[in-house]
Amino acid sequence: MSMSRMSSAQRSSRARCSGSSCPRTASSTGLTRDGVWLIEKGKIAYPVRNFRFNQSIIQMLAEGNVEMIGNPERVGDGNASLLPALKIKAFNFTSASDAV
């Protein structure tokens, strides 16, 4: 996914999902990990804090919410998955975190 096409966004390398918070809405809760960066004019501007999130995957992938899809990359160790990076219009970050 080309950051050069992004005017302003936040980028997270990884997230640690703590688990399902609501099976009915397919919601998960977790923390971003290994840094979150602010993207301005297509370039990494500076780091921002990690965040806690509570997000429904159904709402995250809803029509009109996925703005860009990157090339699939191997994610994880052991039971790794092949997943693309996504640029999401609306994502529910609930609070800032001191997590590293």
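This is a predicted model: local features need pLDDT of at least 70, side-chain atom pairs count only at pLDDT 80 or more; totals for chains, interfaces and linings use all residues.
K41 sits in the loop between β2 and β3 (43–48). The phi of K41 is near 55 degrees, a positive value in a residue other than glycine. That is worth a second glance, because most residues other than glycine have a negative phi. K41 is also exposed, with a relative accessible area of 77%; the cut-off for that label is over 50%.

A26 tells a related story. The residue has a positive phi of about 55 degrees, although A26 is not a glycine. As for accessibility, A26 comes in at 26% and counts as partly exposed, whereas K41, at 77%, is exposed.

S27 belongs to strand β2, which covers residues 27–40. Is S27 buried or exposed? With a relative accessible area of 10%, S27 is buried, because that value falls under the 20% cut-off. The side chain of S27 has a partner in T25: a polar contact of 2.7 Å joins the two side chains. S27 and M60 are 33 residues apart in sequence, yet their C-alpha atoms are 9.7 Å apart in space.

Then there are the aromatic rings. The structure holds 3 aromatic pairs. One of them is formed by F51 and F93, a tilted pair with 5.0 Å from centre to centre and 45 degrees between the planes. This pair links distant parts of the chain, with F51 in strand β4 (residues 50–56) and F93 in strand β7 (residues 93–97), 42 residues apart. The two partners fall into separate accessibility classes: F51 is buried, with a relative accessible area of 16%, while F93 is partly exposed, at 34%. The F51 label follows from the cut-off, because buried means under 20%.

Technical notes
Residues are numbered from 1 along each chain as its sequence is written. Side-chain values use heavy atoms; hydrogens and water are left out. Helices (H or I, at least four residues) and strands (E, at least two) are DSSP runs, numbered from the N terminus. Buried means under 20% relative accessible area, exposed over 50%, partly exposed in between (1.4 Å probe, protein chains only). A polar contact is a pair of N or O atoms within 3.5 Å; within protein, one must be able to donate a hydrogen and the other to accept it, and residues adjacent in sequence count only if both atoms are side-chain atoms. Rings of Phe, Tyr and Trp (its six-membered ring) pair if their centres lie within 6.5 Å; planes under 30 degrees apart count as stacked, over 60 as edge-to-face and the rest as tilted.
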